[in-house]
Amino acid sequence: MEKTNLSQLIVILGPTAAGKTDLSIQLGQYLNKEKERFPFAGIEIISADSRQVYKGMDVGTGKITKEEMKGIPHHLIDIVSPNKKFSVAQYQKKAFSAIETIEKKNKLALLVGGSPFYIYSIVEGWTFPPLKPDWDLRKNLEKKSCSSLLKILQGKDPRRAREIEKKNKRRIIRAIELAQAYGKVPIIQKNKRYQTLLLGIEITKEVLHQRIKKRLSKRFSQGMTAEVKKLREAGLSWQRLEDFGLEYRWIARYLQKKVNYQTMIEGLQKDIEHFAKRQMTWFKKDKRIKWIEDFEAARQETIKFLKDKK
RNA sequence: GCCGCGGUAGCCAAGGUGGUCAAGGCACAUGUCUGAAAAACAUGGGAUUUCGGUUCGACUCCGAACCGCGGCA
């Protein structure tokens with residue numbers, strides 16, 4: 001067993017459309033009801049979703065509604081305007097402090113979401129170098145070719161230049177940004193803060209694709225297109241919507257008449273499927289994850305985890 | 001029925017004038033990830049409709065069959 005002086009954190013993860021929200025509420029309600037059996041006063045949920053942090057992005061992100069929360073407090077939803085840039089480091093900071101607040105209430109935090117980068121920033125406790133993105137610098141560097149950018153990086157940090165993806169301009173630019181400030185790209189430190197139980201929702205690809213399809217048509221009927229129009233009217237650029245990806249990307253293309261309805265639907269379905277695959281690429285290699293098929297399995301793993309602590 | 005055009009991987013598609021391993025895109029599979037992550041990237045497997053002929057050698061030329069498209073009847 002790992003050291004248990006760390007406080008406990010339960011994480012519910014899995015690909016998009018796997019049913020994380022539903023499960024988290026079920027588990028949360030159960031733990032709330034049975035809290036006498038456990039050393040905490042109740043449950044609060046922290047969202048680990050890189051898009052649900054934005055206000056006004058509701059239908060397209062499948063954001064949980066007030067009623068669906070069933071009285072369980074949720075954190076890190078609707079915390080920033082979609083006009084504003086946001087990043088993992090900001091997320092991490094807010095999440096840490098939210099968890100701290102929850103602990104002070106003697107409650108247990110449930111981290112729920114499908115953004116692996118965000119999840120692992122919490123679980124692993126990465127310490128990001130305290131250098132904010134320099135968007136002017138990035139914009140300038142953007143004009144250069146990958147190979148010339150790589151040369152710049154080489155001059156500062158040959159090791160990083162060797163290891164970085166040679167055609168991934170975005171990554172190379174960030175590396176230069178860091179190398180300019182620190183001489184080299186700082187090696188990231190890990191500082192684990194929690195003893196975690198990672199619960200992954202097990203689901204076959206076929207079922208998942210069906211669920212994505214169903215959910216997609218539901219979202220359209222819930223006014224997802226209108227939501228994107230509204231964001232646009234609120235001043236978001238097409239580029240910004242494009243960068244949000246998936247629903248926001250494809251609906252923006254559709255509204256600009258760059259693609260027809262049919263193309264949008266098909267492209268969107270495919271992109272979501274690909275997204276789910278990329279999520280799973282992170283999760284598959286994490287052997288700590290307990291893969292569970294239903295609530296009952298989740299419940300048992302949870303009990304075992306909480307009991308081990310005692 | 002006749003004439004024309006076309007038939008290259010699951011789909012779209014390049015391949016003047018015949019000669020080592022037949023572009024590329026999508027899909028599929030696998031992966032990368034350290035302040036944009038629903039983002040941004042990487043790697044991989046798979047094809048010349050069929051049958052004859054010409055030729056040292058045919059995806060490429062000729063003929064036929066089959067299939068598709070257009071036109072004429």
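Colleague: Which residue follows helix 8, and what is its phi?

Modeller: This is a predicted model, and in it Gly223 follows helix 8 with a positive phi, near 90°. As a general idea, most residues other than glycine have a negative phi.

Colleague: Which residues other than glycine have a positive phi here?

Modeller: Asp78 is one of them, with a phi of about 55°, and Asn106 is another, with a phi of about 65°. Asp78 sits in the loop between strand 3 (74-75) and helix 2, whereas Asn106 sits in the loop between helix 2 and strand 4. Asp78 is partly exposed, as 15 other C-beta atoms lie within 10 Å. Asn106 has 10 such atoms within 10 Å and is exposed.

Colleague: How should I read helix 8 itself?

Modeller: One may begin with its length. Helix 8 covers residues 205-221, which makes 17 residues. From its first C-alpha to its last it reaches 24 Å, close to the 24 Å expected at 1.5 Å a residue.

Colleague: Which residues of helix 8 are buried, and why do they lie on the same side?

Modeller: The general idea is that an α-helix has 3.6 residues a turn, so residues three or four places apart point the same way. In helix 8 the buried residues are Leu208, Ile212 and Arg219. They lie on the same side of helix 8 because they cover an arc of only 45° around the axis.

Colleague: What do the buried residues of helix 8 pack against, and what does the face turned away carry?

Modeller: The buried residues pack against helix 9 (224-233), helix 11 (246-255) and helix 12 (261-284). The face turned away from the buried side carries exposed residues, including Glu206, Gln210, Lys214 and Lys218.

Colleague: Where does Gly113 lie, and is it buried or exposed?

Modeller: Gly113 lies in the loop between strand 4 (108-112) and helix 3 (116-123). To judge burial, one counts neighbours: 20 or more other C-beta atoms within 10 Å make a residue buried. Gly113 has 25 and is therefore buried. Leaving aside residues up to four places away in sequence, Gly113 touches Leu13, Lys20, Ser47, Ala48, Asp49, Tyr118 and Ile119. By comparison, the C-alpha atoms of Gly113 and Ala181, which are 68 residues apart along the chain, are separated by 33 Å.

Colleague: How many residues surround RNA strand B, and which are the closest?

Modeller: There are 46 residues around RNA strand B, and the closest are Ser50, Thr61, Phe117, Ile188 and Gly245. The elements that give two or more residues to this surface are helix 2 (88-104), helix 7 (169-182), helix 10 (238-244), helix 11 and helix 12. Helix 12 supplies the largest share, nine residues. By residue type, the surface divides into 17 nonpolar, 11 polar and 18 charged residues.

Colleague: How should I read chain A as a whole?

Modeller: Its secondary structure comes to 13 helices and eight strands. The radius of gyration of chain A is 21 Å, close to the 19 Å that the globule rule gives for 310 residues, so chain A is as compact as a globular protein of that length. Along the principal axes, the C-alpha atoms of chain A fill a box of roughly 60 × 50 × 35 Å. Of its 310 residues, 32% count as buried. Among contacts in chain A between residues at least 6 apart in sequence, 74% join residues at least 24 apart.

Terms used. Residues numbered from 1 in each chain as written. Chains lettered and ligands numbered in written order. Predicted model: local features only at pLDDT ≥ 70, side-chain atom pairs only at ≥ 80, totals over all residues. Helix = DSSP H or I, 4+ residues; strand = E, 2+ residues; numbered from the N terminus. Expected span 1.5 Å × (residues − 1). Buried ≥ 20, exposed ≤ 12 C-beta atoms within 10 Å, placed from the backbone. Arc of directions from axis to C-beta. Contact = placed C-beta atoms within 7 Å. Near = placed C-beta within 6 Å. Nonpolar A, V, L, I, M, F, W, Y, C, P; charged D, E, K, R; others polar. Rg over C-alpha atoms; globule rule 2.2 N^0.38 Å.
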